[in-house]
There are 2 protein chains.
Amino acid sequence: MIRINENYLKLQASYLFADIARRVAAHQKAQPDRPVIRLGIGDVTRALPEACITAFHQAIDEMATDAGFRGYGPEQGYGFLREAIAQNDFRSRGAHIHADEIFVSDGAKCDTGNIQEIFDSASRIAIPDPVYPVYLDTNVMAGRTGKCRNGRYDGITYLDGNAQNGFIPELPEVPVDLIYLCFPNNPTGATITAQQLKVWVDYAAANRSIILYDAAYEAFIRDDGLPHSIYEIEGARQVAIEFRSFSKTAGFTGTRCAYTVVPKSLMAFTASGEPHSVHSLWSRRHSTKFNGVSYPVQRAAQAVYSDAGKRQVADLIDYYMTNADRIRRALQALGYPCIGGENSPYIWVSTGKDSWAFFDMLLQKAGVVCTPGAGFGTCGEGYIRISAFNSHENVATAMDRIRQALES
Amino acid sequence: MIRINENYLKLQASYLFADIARRVAAHQKAQPDRPVIRLGIGDVTRALPEACITAFHQAIDEMATDAGFRGYGPEQGYGFLREAIAQNDFRSRGAHIHADEIFVSDGAKCDTGNIQEIFDSASRIAIPDPVYPVYLDTNVMAGRTGKCRNGRYDGITYLDGNAQNGFIPELPEVPVDLIYLCFPNNPTGATITAQQLKVWVDYAAANRSIILYDAAYEAFIRDDGLPHSIYEIEGARQVAIEFRSFSKTAGFTGTRCAYTVVPKSLMAFTASGEPHSVHSLWSRRHSTKFNGVSYPVQRAAQAVYSDAGKRQVADLIDYYMTNADRIRRALQALGYPCIGGENSPYIWVSTGKDSWAFFDMLLQKAGVVCTPGAGFGTCGEGYIRISAFNSHENVATAMDRIRQALES
């Protein structure tokens, strides 16, 4: 008899966005005259940069002739893209990452979800709260947790973020093997300094742990002093894997391209303490279960690093960051403390009450959709996330409506 | 201390294509004047169909404007593509498959590799020999096997293919839970009749097993009597998952689009015998670890089902099948028994001696690259695989050279 992986039964039904969609639909039916403004989901809204569009078209023209046609490419990605990444995203910032340490993929969601496979099933996991749910769910599926009780799974070390620590968690009190970190953070928008990050790198080195560093939002960093990559920190090549994406940077959420960095100096161990190259393990996993990213998409991603591409991406980020600034100022002026929005497209607003109640109030009174913080973990209760991904016009209208709603 | 997944250490180093590449490079260095002709790897060589190119460009033009831009799409694929698949690949052949039973992905390699995750780690696995190595390797990684001894892993039920059974394996003698089947087969090109496939479906129903049916090469079937889908067989909706790809059909190996069919009527069980929907499990896996296929790629795939697309794909398949026919006839005329090549782009040639020795002989004497059968499993020893994916001119030259080499 074929049996299921019963770990899936431990997963909490992911009602967050479905629940939001249901409430929004009901509201729109009741008030059809005022369209809602969506500042909930973290998806970009503006056209792909022109440089990417041009490169995308050119690559498709190549695929239209037998001479230019490309079949299977290297599973790890084409050299042209890996070289451009290594040079522009790392070496230009003093981080020593080589092209062959970069694995191009179709999404950071896939990579952050799949990476745990190459580690032992008994690995002790530390996960921030609040955080992007994929880290947790993929470890539940893999059987690294017990049951969920009161919103938390047995067997996971939660790294609490709160107003006291500015949503930068403290080091775990019990030993852990795999540590997920995400900066600029989704959902809080909190950022980490080089000095703070060094504490984590040193902890990992001392405990032979590995840090899984999600830097999908690094392009939104405005403060020159903040690190964009964990490899800007001394010692990180021995303890960290980094995840990056073109999704939020260049608007690739529907185009699909991302990458993961696994330094060749990173080791994990057998039970008897024998070191093995994590790069080799991931390479084996990647080439066995993945067949590379679409060639035209890799050409479009390469164009992000052209002079025109860099300017256009900077304009795109500026556009959204203008929204972020306006949202943060508007909420602060109304007396709501905010984190994020300065080096991140997300503004994390302390609502002083139940997340869902505040969500409902904003929807009913202002016709604005946000995301209740409780959806990102128990520490998210009492907060909402507002996203800067929308047009200037919609954000201005949304802030006017929120002002009227909260002042009335 | 972070520990590795030690199951990876059981994997046999995959030297097959690396070894081939090394031998070919050495040969070309020694004989630089005669370029080798590659009939080894199973990768297509001709341009994407014009209908796909047109649709691909149009979708990119949409992405170039804020109004037409698409961000995250549904993880399971856009309705326009799932509907086209359900209608054209299934309902038109009398197979009752609905659009919402189709999961669009970026490759059949990913899907055939990932599917095992949703089943119990103690599931008993049956895998054909010879066969595509991904089925086996992904189960080794997941810990469902013991060590490898003399080319075979402990804990796997191998389904032997050989000249006696025409490379259609017999039912397993011990009970199994998950059964991998691939028809038209890679590497042998063998096909299965509806009557033969019904035996497997009935076996699975009687034993509450699930069949994982890889039909990536169905487009090459010329014999009207052969099933293209397992769902043409009565009862299959209760016992089978099917994998399909645009890779070999429409030349998408470098463009990346495939799909998996999981009928809603398919159940798997908890230890206590409680049934669970496999569709729900896979949907949860897919939406947690995957973010959908690139929107322009899905539009290009949709164009495969337009009238022009259908004609162009048929021409593409005809072109390669002309090669297959010529290869098969040439080898048979030289006295080598062949399987495949009639409903498959692969010709499986009985060489009567060591695979690698024959490979070396063809390379040295004819300058032609094939794939040694031993690379696909112990039952592949004594065979080579020749692929029809090349130009008519190259295939004609290759057959002339082989004729001269074998007759000399």
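# Close-up views of a predicted two-chain model

**View 1. Helix H2 of chain A against helix H2 of chain B.** The axes of H2(A) and helix H2 (residues 50–63) of chain B come within 10 Å and cross at roughly 180°. Axes are lines fitted to C-alpha atoms, for helices over the stretch in contact, and angles run from 0 to 180 degrees between N-to-C directions. H2(A) and H2(B) are therefore roughly antiparallel to each other (angles under 35 degrees count as roughly parallel, over 145 as roughly antiparallel, 65 to 115 as roughly perpendicular and the rest as oblique). On the side of H2(A) the contact is made by Ile53(A), Phe56(A), His57(A), Ile60(A) and Met63(A); H2(B) contributes Ile53(B), Phe56(B), His57(B), Ile60(B) and Met63(B). Two residues are in contact if their C-beta atoms, placed from the backbone, lie within 7 Å. By class, eight residues of this contact are nonpolar, two are polar and none is charged. Ala, Val, Leu, Ile, Met, Phe, Trp, Tyr, Cys and Pro count as nonpolar, Asp, Glu, Lys and Arg as charged, and the others, Gly among them, as polar. Helices (H or I, at least four residues) and strands (E, at least two) are DSSP runs, numbered from the N terminus.

The model is predicted: local features need pLDDT of at least 70 and side-chain atom pairs count only at pLDDT 80 or more, while totals for chains, interfaces and linings use all residues. Residues are numbered from 1 along each chain as its sequence is written, and chains are lettered from A and ligands numbered from 1 in the order in which they are written.

**View 2. The relation between chain A and chain B.** Chain A is superposed on chain B by a rotation of 180° with 0.0 Å of shift along its axis, at an RMSD of 0.0 Å. That is the relation of a two-fold axis. In chain A, His57(A) has the C-alpha nearest the axis, at 3.1 Å from it. The superposition is by least squares on the C-alpha atoms of residues with pLDDT of at least 70 in both copies.

**View 3. The side of chain A that touches chain B.** The contact takes 65 residues from chain A and 65 residues from chain B. Elements of chain A that give two or more residues to this side include helix H4 (108–114), helix H5 (134–141), strand S11 (267–269), helix H7 (278–289) and helix H8 (295–302). H2(A) gives the most, with five residues. The residues on this side of chain A divide into 29 nonpolar, 20 polar and 16 charged. Of the interface residues of chain A, 100% are also interface residues in chain B, so the copies meet through the same surface.

**View 4. Helix H2 against helix H9 within chain A.** H2(A) packs on helix H9 (residues 307–333) of chain A at an angle of about 135°, with the axes 7 Å apart. H2(A) and H9(A) are therefore oblique to each other. Glu50(A), Ala51(A) and Cys52(A) in H2(A) meet Ala308(A), Gly309(A) and Gln312(A) in H9(A). This contact has three nonpolar residues, two polar and one charged.

**View 5. The open sheet of chain A.** Seven strands of chain A form an open sheet in the order S2-S10-S9-S8-S7-S3-S6, with mixed pairing. S2 and strand S6 (156–160) of chain A stand at the edges, each with a single partner strand, so one side of each is left without a neighbour in the sheet. From one strand to the next the twist averages 20°. Two strands pair if DSSP finds at least two bridges between them. Strand S3 (residues 125–129) of chain A runs parallel to S6(A), joined by five bridges, and Pro128(A) stands opposite Leu159(A) in S6(A).

View 6. A residue is buried if 20 or more other C-beta atoms lie within 10 Å of its own, exposed if 12 or fewer, and partly exposed in between, with C-beta atoms placed from the backbone. S2(A) and strand S10 (residues 258–261) of chain A run antiparallel and are joined by four bridges. Ile102(A) stands opposite Val261(A) in S10(A).

**View 7. Surroundings of Ser277 in chain A.** Ser277(A) lies in strand S12 (residues 275–277) of chain A. With 16 C-beta neighbours inside 10 Å, Ser277(A) counts as partly exposed. Ser277(A) touches Lys264(A) and Met267(A), not counting residues up to four places away in sequence.
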